[in-house]
There are 2 protein chains.
Amino acid sequence: MRTRFILIQTSHAGNVGGAARAMKVMGFDDLVLVAPRWPNVLRKDETIQRASGANDVLAKARIVETLDEALEGVSHLCATAMTPRDFGPPTRAPREHFAQFLAGTAAPDAVQPEGVAFLFGSERFGMRNEDVYRCHACLSIPTSEGFGSLNLAAAVQLIAYDWRQALGGFALPATTPQRPAADAAAVAGMLGHLEQALVAVDFLDPAAPKKLMPRLNALFNRAQPTPEEIHILRGVAKAMLQTAERAKR
Amino acid sequence: MRTRFILIQTSHAGNVGGAARAMKVMGFDDLVLVAPRWPNVLRKDETIQRASGANDVLAKARIVETLDEALEGVSHLCATAMTPRDFGPPTRAPREHFAQFLAGTAAPDAVQPEGVAFLFGSERFGMRNEDVYRCHACLSIPTSEGFGSLNLAAAVQLIAYDWRQALGGFALPATTPQRPAADAAAVAGMLGHLEQALVAVDFLDPAAPKKLMPRLNALFNRAQPTPEEIHILRGVAKAMLQTAERAKR
């Protein structure tokens with residue numbers, strides 16, 4: 001689905017660069033700036049530095065004078081605001097809203113959105129009421145009661161992340177190979193081997209074993225050892241037994 | 001649950017400030033810096049500027065020389081890394097890992113974690129293998145295949161957000177008041193009123209009504225008008241009728 005990020009009257013060049021980077025890591029590249037403080041903000045050093053490689057997003061970005069000029073091709077508008085208003089679109093947490101919005105478009109005969117835009121107000125004043133009123137929802141990121149001051153680029157990052165996840169998310173790059181679990185017989189064999197070794201090094205008294213072996217069993221059950229790890233532990237037990245043997249001489 | 005953010009060999013003061021702010025908006029305040037590039041980073045102008053009010057997090061933050069000194073009181077360590085390793089803890093998406101981890105601690109007789117720490121490597125080199133190896137999981141934020149370059153403070157923001165959400169999340173501040181839906185009789189009454197008005201202004205031809213009224217009915221059904229909005233629409237119909245009456249004179 002077409003996804004646009006619209007920054008309204010942004011003051012800090014660094015935030016424009018940070019927003020471009022935040023969008024790009026989540027696979028979005030449609031950025032529109034409405035009346036930014038610096039008309040040359042897309043070419044400022046600080047912008048480019050904070051974009052850190054998201055130069056294509058900056059190159060594609062448009063600067064317009066009014067919000068109206070930023071809205072073609074998008075049918076669902078989400079304001080972002082920290083302070084809820086008495087009047088206006090419903091205030092929702094992003095994750096909840098995205099799930100609900102996408103569920104609502106799922107029926108084949110539902111009205112299909114043409115695209116979604118996320119609107120972000122200026123760093124100092126947030127969004128104007130008249131801009132919020134034209135939106136279908138007002139997204140509020142749930143933050144600490146005592147400190148809701150999200151950085152603008154951080155807010156873009158969170159919204160871009162939640163929206164990307166709602167759209168199905170990206171796969172993780174190839175991860176650590178799956179580890180097979182050793183079977184219970186292998187664990188029991190290792191524990192028997194270890195028990196002999198613990199007796200040999202005079203840690204375990206066979207006459208008063210207390211609960212040492214069941215405790216170790218519980219520990220290794222939680223650890224879910226692999227066959228390779230069982231092999232290592234048996235090697236340790238063997239070395240302990242050999243050392244104890246040498247110590248007798 | 002105790003939650004600590006550990007930044008290892010961080011280069012940029014702005015990122016330390018940004019991380020402090022990102023933590024604080026999600027209600028976390030335990031920050032440890034391991035061997036940062038600038039020993040005075042907590043007092044640098046750029047740090048304080050980017051922290052933007054999260055000064056208490058900076059004031060509480062500790063600087064230590066080695067990772068070992070950062071780990072007291074936390075039992076579950078999560079590395080963060082963009083590049084998966086052949087060996088080491090399992091690589092997981094944060095949201096998935098947090099759900100699984102918390103589910104695992106839910107049984108009353110499960111081993112209870114003492115606290116959780118999130119480890120972030122340096123901006124240029126990420127985490128060293130030996131630091132990743134001591135962790136219980138390696139979190140990888142799912143990003144675009146072509147551009148996975150997350151800013152450090154942005155990564156802290158996303159992890160802090162997902163972890164806070166996994167812990168139950170914050171409530172949104174008081175939102176827009178709930179809107180009652182007008183009942184179907186009220187909608188039908190309004191549509192009847194509107195129909196008269198549309199005839200009066202010569203938009204609707206009663207001899208050839210086509211599907212105008214069913215179309216408007218569908219539109220208003222989707223809009224789910226409130227009683228107040230029905231009142232407004234009836235006011236519009238009334239004004240149309242009165243104007244049409246005057247036009248006849």
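When I say that two residues are in contact, I mean that they have heavy atoms within 4.5 Å of each other. Please keep that in mind, since contacts will come up throughout this talk. What we are looking at is a predicted model, in which local features need pLDDT of at least 70 and side-chain atom pairs count only at pLDDT 80 or more, while totals for chains, interfaces and linings use all residues. Residues are numbered from 1 along each chain as its sequence is written, chains are lettered from A and ligands numbered from 1 in the order in which they are written, and side-chain values use heavy atoms, with hydrogens and water left out.

Let me begin with a proline. Pro225(A) lies in the loop between H8 and helix H9 (227-248) of chain A, where helices (H or I, at least four residues) and strands (E, at least two) are DSSP runs, numbered from the N terminus. With a relative accessibility of 6%, Pro225(A) counts as buried, a word that stands for under 20% relative accessible area, whereas exposed stands for over 50% and partly exposed for what lies in between, with a 1.4 Å probe and protein chains only. If we leave aside neighbours within four places in sequence, Pro225(A) is in contact with Pro180(A), Ala181(A), Ala182(A), Val187(A), Phe220(A) and Ile230(A).

Next, the helix pairs. Two packed helices are described by the angle between their axes and the distance between the axes. In chain A, the axes of H7 (residues 184-200) and H8 (residues 212-223) come within 11 Å and cross at roughly 140°; the axes are lines fitted to C-alpha atoms, for helices over the stretch in contact, and the angles run from 0 to 180 degrees between N-to-C directions. H7(A) and H8(A) are therefore oblique to each other, because angles under 35 degrees count as roughly parallel, over 145 as roughly antiparallel, 65 to 115 as roughly perpendicular and the rest as oblique. On the H7(A) side the contact is made by Val187(A), Met190(A), Leu191(A), Leu194(A), Glu195(A) and Leu198(A), and on the H8(A) side by Leu212(A), Met213(A), Leu216(A), Asn217(A), Phe220(A) and Asn221(A). Sorted by class, the residues of this contact are nine nonpolar, two polar and one charged, where Ala, Val, Leu, Ile, Met, Phe, Trp, Tyr, Cys and Pro count as nonpolar, Asp, Glu, Lys and Arg as charged, and the others, Gly among them, as polar.

How is H1(A) placed, buried or exposed? Of the 13 residues of H1(A), 13 are buried, so this helix is largely enclosed by the rest of the structure. H1(A), residues 13-25, reaches 19 Å from its first C-alpha to its last, close to the 18 Å expected at 1.5 Å a residue, the expected span being 1.5 Å times one less than the number of residues. After H1(A) comes Gly27(A), whose phi is positive, near 80°.

H1(A) packs with H6 (residues 152-166) of chain A at an angle of about 15°, with the axes 8 Å apart, and the two are therefore roughly parallel. Here Asn15(A), Gly18(A), Ala19(A), Ala22(A), Met23(A) and Val25(A) of H1(A) meet Leu152(A), Ala153(A), Val156(A), Gln157(A) and Ala160(A) of H6(A), and this contact has eight nonpolar, three polar and no charged residues. In chain B, the axes of H1 and H6 come within 8 Å and cross at roughly 15°, so H1(B) and H6(B) are roughly parallel to each other.

Now a residue that touches another chain. Ser144(A) sits in the loop between strand E7 (137-139) and H6 of chain A, counts as buried at 16% relative accessibility, and touches Lys24(B), Val25(B), Gly27(B) and Phe170(B), not counting residues up to four places away in sequence.

I will end in chain B, with Asp202(B), which lies in the loop between H7 (184-200) and H8 (212-223). Asp202(B) is exposed, with a relative accessible area of 70%, and its phi is near 65°, a positive value in a residue other than glycine.
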